[in-house]
Amino acid sequence: MRARFNPVKAVLRALAAFRADLMPGPRAPESHRDKLHIQVRQLGAIWPLAFVVAVAAPSIVWWAAYEAGLPALMNAATLWGAVVAALGLLLLVVACVPPLKHWSPYIHVRIATLVGCGIAAALLALLYATVGTVSGTFNFISFVAVFGAIIVTIIALHPVRAATLGFAIGLVAVLGLHEGFDTALGIALGFVLCLTVATYRLVAFDRRAGTRRDLEYAQGRMATRLVAEFEAHSNGWFWQTDAEGRITYLTAKVASELDLPDAPAIGAPLTTLFRMDSATPETERTLAFHLASRTAFSNYSVRPASVAKLDRWWSISGRPVIDDFGHFVGFVGSGSDLTERRRADAEITRLALFDGLTGLANRQRLRLSLDQTLAQRLAQPGHVRSSALFLLDLDRFKAVNDTLGHQMGDALLKQVAQRLQRTIGEAGLVGRLGGDEFQVILPAMSDREKLGELARRVIFDLSQPYSIDGSAISIGCSIGIALSPDDGTDAETLVRNADLALYAAKGDGRGIHRFFRDELLVGAQSRKQLEDDLRDALGGNQFHIAYQPVVSTRSERIVGYEALLRWEHPTRGMISPAEFIPVAEDCGLIEAIGEWVLRTACIEAATWPSDVRVAVNVSPIQFANPALPTLVTSALAKSGIAPHRLELEITEGVFVDETPATEQMFKTLKGCGVRLALDDFGTGYSSLGYLKKAPFDKIKIDQSFVKGATIAGNRNAAIIKAIVNLADTLGMETTAEGVENHDEIALIRELGCSHIQGYAYGKPARAAEVAVQLKAADGRATPSGYRVSRSPRTAMLRTARIQAGDVVGEVRIRNISSGGVMIDGIEVEDGVGDLDVLIELLENQMFPARLRWAADGKAGLEFAETFNMERLATATVPLRKTA
């Protein structure tokens with residue numbers, strides 16, 4: 001509801017405002033001062049013209065009076081013209097001269113008000129003088145000149161509200177002086193009051209409008225500043241087009257990206273600056289479609305249309321703009337820079353599909369590529385396209401990491417990757433699976449001969465020395481090869497079979513390649529089944545321990561037993577330790593099995609005499625476990641046997657990765673009081689250096705040195721003698737393993753060995769049989785078996801000539817060894833002793849021999865000299881075969 005108009009309050013408010021313009025109070029707002037400044041500047045802009053008009057009016061009156069011959073009017077025009085000129089010049093100087101322009105606006109308003117009042121009075125007085133004295137045409141000219149000057153002056157003073165009122169007051173004052181205080185003066189005063197109220201109500205309106213303008217201006221400046229800040233320091237930007245789709249505004253940073261030397265971005269059609277990103281086909285419609293149909297669009301991925309600037313990506317959105325009259329005026333929209341995000345996505349993709357160290361394809365990309373390669377073959381059933389897969393593993397790489405450090409290992413892997421890529425070239429995709437494992441996919445190769453040649457070239461190239469930081473490094477490479485579709489039609493099967501081929505290559509000596517064969521899978525499946533059965537065996541009490549006696553060569557008494565693990569499978573029967581122990585080591589069961597053997601052997605040895613020891617084998621994996629001394633102590637405590645009765649047999653494999661922990665383990669075990677034996681001496685990484693450091697109590701001579709030691713010309717006896725002398729010097733006992741014959745017992749005793757172990761004194765037996773052995777003959781051991789060692793025999797069926805004196809005949813050879821031969825088809829009279837003969841072993845070559853026995857048409861001949869069995873294999877002419 002609008003408030004009622006109160007003229008008294010309106011007049012009072014107007015007068016108060018008039019007073020505030022002339023004499024501000026102590027609390028005058030700064031905004032009021034600023035508005036007065038604006039009014040004074042507007043007055044100064046138009047006052048020169050008003051001054052000319054005001055001065056021209058008295059001049060025109062003076063001319064009219066001169067023409068009319070009125071000297072009185074000429075004097076009046078001169079007087080009032082001088083007043084107008086003086087006052088007008090004063091205001092001109094104050095409003096326009098620079099030094100005076102900086103005065104307080106209130107001073108300018110006061111001067112303008114006084115000048116207005118004076119000029120009004122002078123012009124009205126001149127008008128009265130003109131009307132009263134001039135008649136006719138000159139009267140009209142003078143009236144128009146003076147009245148026009150009044151109108152122009154009041155318009156010029158209008159920006160300064162107080163000066164306008166001052167001008168009105170000057171007019172009323174002259175009217176009162178000329179007409180007196182009558183009705184006309186009252187009407188004039190009323191008009192002045194109305195003018196005052198109207199003027200200051202307009203002032204109030206202008207102030208409110210100005211306040212709104214100031215607010216909008218401030219908001220506009222703030223918005224402009226925020227937009228500029230947003231455009232300058234973020235990925236966002238703005239754009240605008242006209243109705244024809246041409247750019248009228250574009251953020252400077254984007255415009256600079258799109259500007260061409262002869263075609264700036266501003267003014268160019270939007271569709272010539274951007275093109276849709278082909279990498280995001282989810283945008284079904286183009287920019288041209290939306291511009292033509294005047295429909296909004298959002299988050300369209302675009303790139304520069306210029307080929308020279310393609311390395312940029314943006315996301316833009318836009319909507320049509322309609323003015324107040326419903327007319328389409330163009331599009332307005334925003335955008336954001338996607339370049340860094342796209343590059344980050346590309347880097348993420350690269351990291352997801354490429355190995356971070358070598359830059360080769362990683363496991364994921366290799367799998368994707370292999371799937372695609374195999375899928376292409378399946379997609380074209382009529383077109384048989386074979387492919388091959390290489391699986392590579394570096395030999396001796398772990399030693400590089402352990403000795404030279406992982407940084408050196410990483411540098412080596414980079415060089416390996418470069419060589420591998422150079423060797424494979426464009427033939428296939430090279431990738432790294434992790435660690436020192438690499439994979440090569442060969443999508444169009446199936447010829448085994450060519451694949452073998454490529455594999456050998458890869459092995460040769462990777463085996464050449466590497467130079468890294470001044471160090472020369474040599475490694476090797478083993479390769480497993482699988483072909484598709486022969487070895488698998490899916491990626492998982494192909495990789496598995498290539499891995500089996502690689503395993504076979506490493507098992508055959510490393511540094512070679514192997515193709516997958518069906519028997520490798522059968523072997524792997526059998527190994528996996530054996531692993532599963534091993535887990536069941538440990539919990540199903542399928543293991544037992546067999547003990548083989550260790551006999552003293554001096555007293556021929558049993559001084560100990562070696563605990564040997566036996567596995568009786570419920571369906572397969574007895575399984576050799578040589579078959580299941582490596583599997584147990586690979587699958588991590590060896591420690592659990594070894595602990596069971598140790599505890600069981602100690603418990604069963606507790607029932608033996610106190611001078612009989614028990615020997616337990618310890619694998620390198622067990623030896624590397626820091627908990628081994630605790631386990632040994634626990635087994636001794638639970639069984640109650642003395643520590644010196646437990647002998648731990650350790651193979652030379654523990655010295656492969658010799659570390660300070662190895663030496664500490666030896667010290668800790670010796671601190672437990674147990675004995676230590678070096679098992680299978682001479683067959684592994686034999687080094688006299690660790691005999692000096694490791695506190696062994698015994699050296700066990702491997703059976704490979706015992707076999708054949710009794711044969712004339714064999715060097716094994718000399719090796720055994722050297723080992724015994726070394727052990728005696730170091731204060732260690734010796735045990736010869738694998739002794740089976742009486743003559744071997746005699747030889748071992750003669751060579752000075754302190755203990756014997758082998759079938760000659762009994763096969764491994766269970767704990768119950770051991771108890772019987774120890775009770776029988778008061779623990780003395782009785783040898784059994786052959787009295788003389790025999791060389792290995794080779795069975796055959798061939799005819800040969802034999803000559804005894806002048807008698808020559810033919811016999812059949814049944815078996816042969818380096819020391820003799822068994823024949824049949826010969827008749828020998830009873831009572832004939834040793835008989836010297838000649839026998840044809842090679843074509844037309846007779847060898848001397850002696851008849852040792854004969855019975856039932858068979859006979860045994862002993863050669864006079866050792867026969868080289870290899871000569872049979874290299875004979876150019878075969879022996880005559882029987883019919």
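**Exercise 1. Into which classes do the lining residues of the largest pocket divide?**

Step 1. Take the classes: Ala, Val, Leu, Ile, Met, Phe, Trp, Tyr, Cys and Pro count as nonpolar, Asp, Glu, Lys and Arg as charged, and the others, Gly among them, as polar.
Step 2. Sort the lining of the largest pocket: 14 residues are nonpolar, 11 polar and 10 charged.

The model is predicted: local features need pLDDT of at least 70, side-chain atom pairs count only at pLDDT 80 or more, and totals for chains, interfaces and linings use all residues. Residues are numbered from 1 along each chain as its sequence is written, and side-chain values use heavy atoms, without hydrogens and water.

**Exercise 2. Which residues lie nearest the centre of the largest pocket?**

Step 1. Know the term. On a 1 Å grid over the protein atoms alone, a pocket is an open set of points where a 1.4 Å probe fits, with protein on both sides within 12 Å along at least five of seven lines; lining residues have an atom within 4 Å of a point.
Step 2. Look at the lining. It has 35 residues, and E562, L564, P577, N617 and D679 lie nearest the centre.
Step 3. Find the elements. Those that give two or more residues to the lining include β15 (558-569), α20 (590-605) and β19 (675-681). Helices (H or I, at least four residues) and strands (E, at least two) are DSSP runs, numbered from the N terminus.
Step 4. The largest pocket holds about 1000 Å³.

**Exercise 3. At what angle do the axes of α18 and α19 cross?**

Step 1. Read the values. The axes of α18 (residues 518-539) and α19 (residues 577-587) come within 10 Å and cross at roughly 80 degrees.
Step 2. Classify. The two helices are therefore roughly perpendicular, a label for angles of 65 to 115 degrees.
Step 3. Name contacts (heavy atoms within 4.5 Å). Among them are L530 and L534 of α18 and F580 and V583 of α19. By class, the contact has 7 nonpolar, no polar and 5 charged residues.

**Exercise 4. Which strands pair with β1?**

Step 1. Apply the rule: two strands pair if DSSP finds at least two bridges between them.
Step 2. Take β6 (residues 328-337). It runs antiparallel to β1 (residues 236-241), with 5 bridges. W237 stands opposite G335 in β6.
Step 3. Take β2 (residues 247-250). It pairs with β1 in the antiparallel sense over 3 bridges. W239 has L250 of β2 as its bridge partner.

Definitions and conventions. Axes are lines fitted to C-alpha atoms, for helices over the stretch in contact, and angles run from 0 to 180 degrees between N-to-C directions. Angles under 35 degrees count as roughly parallel, over 145 as roughly antiparallel, 65 to 115 as roughly perpendicular and the rest as oblique. Grid points are joined across faces, edges and corners, and a volume is the space filled by probe spheres set on the points.
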